[in-house]
Amino acid sequence: MNPMNTPNALPARTITVSDLTCRRGERLLFAGLRFAVPPGELLLLRGPNGVGKTTLLLSIAGVVRPEAGTIAVTGRGEEDRPGADLHLLSHQPASKARLTVRENLSFWADLFAGDRSLVLPALEATGLAAIADLEAGHLSAGQTRRLAIARLLVADRPIWLLDEPTSALDGEGEDLVIRLLDAHLKRGGIAVAATHHDIHLPPPANVRTLTLVQP
Amino acid sequence: MRAFAAIIVRDLRLATRIGGEALTLVLFFVMIGVVVPFAIGPDSAQLGRLAPGIIWIAAFLSMLLGLDRLFRADEEDGSLRLFRHSTLPLEALVGAKLIAHWLLTAVPLIIASPILAVLLSMSMEDWLRAVLSLLIGTPALVGFGALGAAVTVSLRRGGLIAPVLILPLCVPVLIFGVGAIAGLGSAQAMVFLGAISLVTCAFSPLFAALALRAAED
């Protein structure tokens, strides 16, 4: 089935990375990295701690400038702001302790030009609806993670960059991440996820694994 | 535009929630006004003469105190990084943060300025001019402060470096700010102050955003 023909399909994007070299401080993380992620595909980044998975995600997100090589995203219009079509889920929560769960999420919906009517469904999907009016400072680590994941759902964006998406989550939360990823890919979105856990999507899904090694 | 408004609303909400620090600066500002007459002596003519300078020093120091929290909280919880993926450019979002910061640090001081005026036995006319000069001059302090805060955001203990960095930049604001309240040529000083503020407000979001981008790299 062509994902482009399904309803509410996401705009098609392809990430093409060629000859990418990244350095963090003095340390060379990886060199000559090349891969492409076409629409509807999930790329799993594997490898030991400190090998550069997060740095790779950050450079795709445009936060860190690579030392050499290019990261091209095709499908962006001339007028589009680069970066306005992606979600970055890093290990930082990006939520304010003194705002309620709902306020936090509504803020990100506004900031990402998302849809405020998606806030409640996103909270329901991530299992936070019952504590929507609790201050985010009272959340547990897993719930904070769920709030960060809910951010992916309030604005439709074709590229998801996930850094350890299942960290701090319980078994049900891991299933949630898998369900969300599967739905995202079915709509023609793409995702790059750095992870130490196995993420097994149900069969027709396109999942590839890239293992980074120390040079 | 929604993102712009969202940042202002969020920052105001955060500062006014229980445990917010909005009142700390005002307290500091008033404290200086309370302490100065003890140090200088109760001669009201002399106090009145020094009052424009004291009111500006108090405003300047209180605004320096609040500087550190301008970007740090957003940097620490990762929000700043996500700001880059908004549909608005980072420059505009920094502009929104500066407006919120001005509303939270300068406006309360201006509202509290009558207390200082009474403590320092300022005349009514001088006080009105002080309010006007603070209104016109404090945006420049916020603008320069944003530069300092953005440059030092990646330093974990950069709290005191930012004020030291921007101190020389702020000296003209102090000179013209005080000049606009009293003395000869106060109208001209007010115009100069306005010019400094306008230029600073125009450029500081650009340079602050540049510094914030570089800080993450």
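In what follows, two residues are in contact when heavy atoms lie within 4.5 Å. The model is predicted.

**View 1. Chain B: helices α2(B) and α6(B) in contact.** From α2(B), the residues B:Leu25, B:Val26, B:Phe29, B:Val30, B:Gly33, B:Val34 and B:Pro37 take part. On the side of α6(B), their counterparts are B:Thr105, B:Pro108, B:Leu109, B:Ala112, B:Ser113, B:Ile115, B:Leu116 and B:Leu119. Sorted by class, this contact has 12 nonpolar and 3 polar residues, and no charged ones. Helix α2 of chain B covers residues 22–40 and helix α6 of chain B covers residues 90–119. Their axes are 9 Å apart and the packing angle is about 20°. Angles under 35 degrees count as roughly parallel, so α2(B) is roughly parallel to α6(B). The crossing of α2(B) past α6(B) is right-handed.

**View 2. Chain B: helix α1(B) against α6(B).** Helix α1 of chain B, residues 2–16, packs with α6(B) at an angle of about 35°, with the axes 9 Å apart. Here too the crossing, of α1(B) past α6(B), is right-handed. α1(B) contributes B:Ala3, B:Phe4, B:Ile7, B:Ile8, B:Arg10, B:Asp11, B:Leu12 and B:Ala15. The residues they meet in α6(B) include B:Ala92, B:Leu93, B:Gly95, B:Lys97, B:Ile99 and B:Leu104. By class, the contact between α1(B) and α6(B) has 13 nonpolar, 1 polar and 3 charged residues.

**View 3. Chain A as a whole.** Chain A has 5 helices and 8 strands. Read from the N terminus, its elements follow the order β-β-β-α-β-β-α-α-α-β-α-β-β. The radius of gyration of chain A is 17 Å, close to the 17 Å given by the globule rule for 215 residues, so chain A is as compact as a globular protein of that length. Along the principal axes, the C-alpha atoms of chain A fill a box of roughly 50 × 40 × 35 Å.

**View 4. Chain A: the antiparallel sheet.** In chain A, 3 strands form an open sheet with antiparallel pairing, in the order β2-β1-β4. The edges are held by β2 (27–37) and β4 (68–74) of chain A; each has a single partner strand, so one side of each lacks a neighbour in the sheet. Neighbouring strands are turned against each other by 15° on average, direction ignored. Strand β1 of chain A, residues 14–24, pairs with β2(A) over 7 bridges. A:Arg24 stands opposite A:Arg27 in β2(A). Helix α1 of chain A, residues 53–60, packs on this sheet and touches β1, β2 and β4 of chain A. The direction of α1(A) makes about 125° with that of β1(A).

**View 5. Chain A: the parallel sheet.** The order of the 5 strands in this open sheet of chain A is β5-β6-β7-β3-β8, and the pairing is parallel. Its edge strands, β5 (86–89) and β8 (206–211) of chain A, each pair on one side only. From one strand to the next the twist averages 15°. β5(A) pairs with strand β6 of chain A, residues 159–163, over 4 bridges. A:Leu89 stands opposite A:Leu162 in β6(A).

View 6. α1(A) lies across β3 (41–46), β5, β6 and β7 (190–194) of chain A, and runs at about 155° to β6(A). Helix α5 of chain A, residues 171–186, also packs on the sheet, touching β3, β6, β7 and β8 of chain A. The direction of α5(A) makes about 145° with that of β7(A).

Methods:
Residues are numbered from 1 along each chain as its sequence is written. Chains are lettered from A and ligands numbered from 1 in the order in which they are written. This is a predicted model: local features need pLDDT of at least 70, side-chain atom pairs count only at pLDDT 80 or more; totals for chains, interfaces and linings use all residues. Side-chain values use heavy atoms; hydrogens and water are left out. Two strands pair if DSSP finds at least two bridges between them. Helices (H or I, at least four residues) and strands (E, at least two) are DSSP runs, numbered from the N terminus. Axes are lines fitted to C-alpha atoms, for helices over the stretch in contact, and angles run from 0 to 180 degrees between N-to-C directions. Angles under 35 degrees count as roughly parallel, over 145 as roughly antiparallel, 65 to 115 as roughly perpendicular and the rest as oblique. A crossing is left-handed if the near helix is turned anticlockwise from the far one by less than a right angle, and right-handed if clockwise. Ala, Val, Leu, Ile, Met, Phe, Trp, Tyr, Cys and Pro count as nonpolar, Asp, Glu, Lys and Arg as charged, and the others, Gly among them, as polar. The radius of gyration is taken over C-alpha atoms; the globule rule is 2.2 Å times the number of residues to the power 0.38.
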